[in-house]
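Work through the exercises below with the structure in view. Each task is followed by a solution in steps.

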Amino acid sequence: MKIDFNKYLDEIGEIGFVEKSVSSLVYASGLPGASPEEVVVFESGELGQVTALSESSVEILSFSPNPIRTGSRIVRTNNCLKVPVGEELLGKVINPLGNSINPQKPFFPLAEQRSVEVVPPGIKFRSTIKRQCETGISMIDLLLPIGMGQRELVMGDQKTGKSRVLTRILLSQIKQGSVGIYAAVGKSQLAIKQIEEILAQFKILEKTVMVVSRADDAAGMIFLTPYTAMTIAEYFRDLGRDVLIVLDDLTVHARTVREIALLGKRFPGRSSYPGDIFYTHARLLERAGNFIADGKEAAITCLPVVETVQGDMAGYIQTNIMSMTDGHLFFDHKLFVEGRRPAVDPFISVTRVGRQTQSVLQREISREIITFLRNADKMHNFASFGAELGEHIKKAFEKEDRIMTFFDQTVYDRIPVKLQVFLFGLVWGEALAGRTHLDVQKEIQKFVLLYEGDSKTREWVDKFVDGSLSLETLLSGIAETDFSHR
Amino acid sequence: MQEQQETSNAVNELLETIEKMLEHMRTKEERDEVSFAIESALNGAYTLKGVKTEDILRMHMPYRFFRFLEEMTGRGVPEKKSDNWGQFLQDLKKKLGAMEVLKIDLAVEPNEELINQMHSWIHRELGGGIILDIHSDKTILGGIRIVYRGRYGNLTLKDRILKVMNREKQKILEEIGYK
C-alpha cells in the first residue's frame, strides 16, 4: 500500500531531513513535534518509528531494507504503529507491517487496524487456567501438560526437533478449533518456506497466520515481528477464539534488539544487551494468558522458542525468558541423537500451571511415570557396573522400553488425550508384558488407526477412559477386556 | 593594566566585527563562501609559508564581508589580541554554524533586490541569525514553500489551485457542461 507522503506533509505541517544514517538507525533534523513510538514516513514511502529524541535530532528506526539517503525528507504521521487485522489474514504469510510477502497473493487493505504496542490486560480481565491445551504428543500431555493460556518456553540446541513438535502442537490445536499464529523471527527464506509447506501438508495453513521476517530484513522489521504476531492473536482472542502463538525464536530477536541498542549508543549491560532487554520480552509475553471477555473465556497460549548452545540453560536470554514463562520444555541433544522423538527431557522440563488442567487420573498417571522413570534412570547407573541384573531390574527395564515406545511419536502426528490414557493403560499393565519392541509398536499402531478410522472404537475408548477414575480402575478394566476381536 | 584594557577592547571589537558581518549575511550560499574562506585561511596557516592570513581571506571571501575584516586590520585590531587571527576565525566559524536556515522554494529565480527584501523582512519579523536557502521550482507556479525549524508551510499557487479545484469540483464540471 503506497503511503501518500505529501498528504501527511500538508496535514501535519512539519518536515525533517535525514542528517545521518547508521544501518537501521536514521538521525534527522526538524520534526519538532515528534513523539516516541510515532510512525514517520520517508520520502521514498518507507516507514520508520521514532525511538529517541534529543535536542538537535530525532532518532528513527527504519523499516526499510535499503539505506536511507542523507538529505531525504521525512514527515510525521501523528500515529503510533498499527497493523491491519482481520479474519482475511488466515492462510496468509505476511511481513510485520501486515503486507503479503508473496506478490502473487496480495489481499485487499483490511478495515481494522490495531496498535502494535499495547499495555497487557490487568488481572481483572484474566481467569485461572483450567482447560488443557492438547498437544497430541503423549509425553507432553501426560508428563508436562500445558494449559490454555499458558506460556511454555520451548528450549534446546539447533536440530533437536523443536520445529517438528511445534508444528504438531499447532496441528492438534487447530483441529480443536483454535487459531494458529506462527511468528518466524529473522529466519532464512528456506526455513520459512519449509514451515509453510509443513503447515500446508497438514492442511492447517488456512487456519494459520504466518508473520515472517527474513534474516536479511531490516533490524526494525525483525524487532517488530513478535509484536505484530501478538497483536493479531489479540484480535482473534477478542472474537472469542482460542489462539496458539509460536514465537520462533526469541534469541534472534534479542540479538536484533542488542544490535539496535548498540548502534544507538545505548550503554551496554550484561553480554552487551541493553538494560531493558527483560522488559522488551516481558511486555510481549504478558500479553498472552487466559482472558475473560463478555463472560466467555478465550486464551492466547504462547510457545516462545529459545535456542541454547551445547545445552547451556544458564545463558542470559534463556534464564530471562524462563523466569517470565510458566514452564519450559527442554530438548536435549543427547536424547535426540539416541533417537528419542520428541527429545524432551522430562526431568529438566517444567510446567508450572499445566497440572491443574489435568483430570485426577491423568495426574496419577503422570506421577507414576515420573517416579518410575527416575527409578529406572538410577537403575541404569547401577547396571553399568556389569553385575548380574536381578529379575525385577530386568522387568523394570523392559517396562521402561515399553513406556518409551509409547512416547515415541516419530510416526504419529497427533494422538488425542483419551487415546493416550488408554494406550498408557495397555503398556503399563500386563497386557503387553514380555512382548518385543516391535510387537508393542504394532499394537499401539493398531489402536491409533482404529481410533482414527472407526467411530465405534473411538466412542468406546472415550467412554472407557471417562469411566476410569483411577489408575487401578483403568488397569483392571483393560486387563478384563478382550481385544482380540478389535 | 593598560595592556589588559587594550586586549579587552580588542576582543570587544572582534566580537562587534563578527556581529556586523553576520547581520549582512543573507543566504546559505554566502555563508558557505565565507566558511570556505575561513577553512582555507585556517589550513593555509600551516601549509603556506610567508602568506598572510588576511591575504588568503582576501582571495576567497566576497568583498562585502571582507571589508569588515579590512577595517579591522586597518586599525590593527588582530595584533592587539595575543592569538591574532586563529581564535577570531574559530569564533566566526562557530557563529556561522549556529545560524539558522530558512528554506524557501520560489517559482522565480530571485534577483539581488528580492533577496534583500526577503532578508530585511525576516530580520524585522523573526530577528537576526537567520539565513535564506533559496531554491527555484517552477512547478509551484507562484507563492512560496517554506521550511523553518522543522515547520513546513505550503503557500504555493499550485496548492491553492488544487484545493479550489477539489472544493468546487461539482461547479467546475457543471460549468464545462460535463454531466
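**Exercise 1: two helices**

H12(A) and H15(A) are roughly perpendicular to each other (an angle of 65 to 115 degrees). The model is predicted: local features need pLDDT of at least 70, side-chain atom pairs count only at pLDDT 80 or more, and totals for chains, interfaces and linings use all residues. Residues are numbered from 1 along each chain as its sequence is written, while chains are lettered from A and ligands numbered from 1 in the order in which they are written.

Task: Find the angle at which the axes of H12(A) and H15(A) cross, and the residues that make the contact.

Solution.
1. Locate helix H12 (residues 417-428) and helix H15 (residues 471-480) of chain A; helices are DSSP runs of H or I with at least four residues, numbered from the N terminus.
2. Their axes cross at roughly 70° and come within 9 Å. Axes are lines fitted to C-alpha atoms, for helices over the stretch in contact, and angles run from 0 to 180 degrees between N-to-C directions.
3. H12(A) contributes Gly425(A), Leu426(A) and Trp428(A), and H15(A) contributes Leu474(A), Leu475(A) and Ile478(A). Contact requires C-beta atoms, placed from the backbone, within 7 Å.

**Exercise 2: domains**

Task: State how chain A is divided and how many residues of domain 1 are in contact with domain 2.

Solution.
1. The domains of chain A are domain 1 (5-79), domain 2 (84-357) and domain 3 (361-480), with bounds from an automatic or database domain assignment.
2. In chain A, 15 residues of domain 1 are in contact with ten residues of domain 2.
3. The C-alpha centres of these two domains of chain A, domain 1 and domain 2, lie 31 Å apart.

Conventions
Contact = placed C-beta atoms within 7 Å. Parallel < 35°, antiparallel > 145°, perpendicular 65-115°, else oblique.
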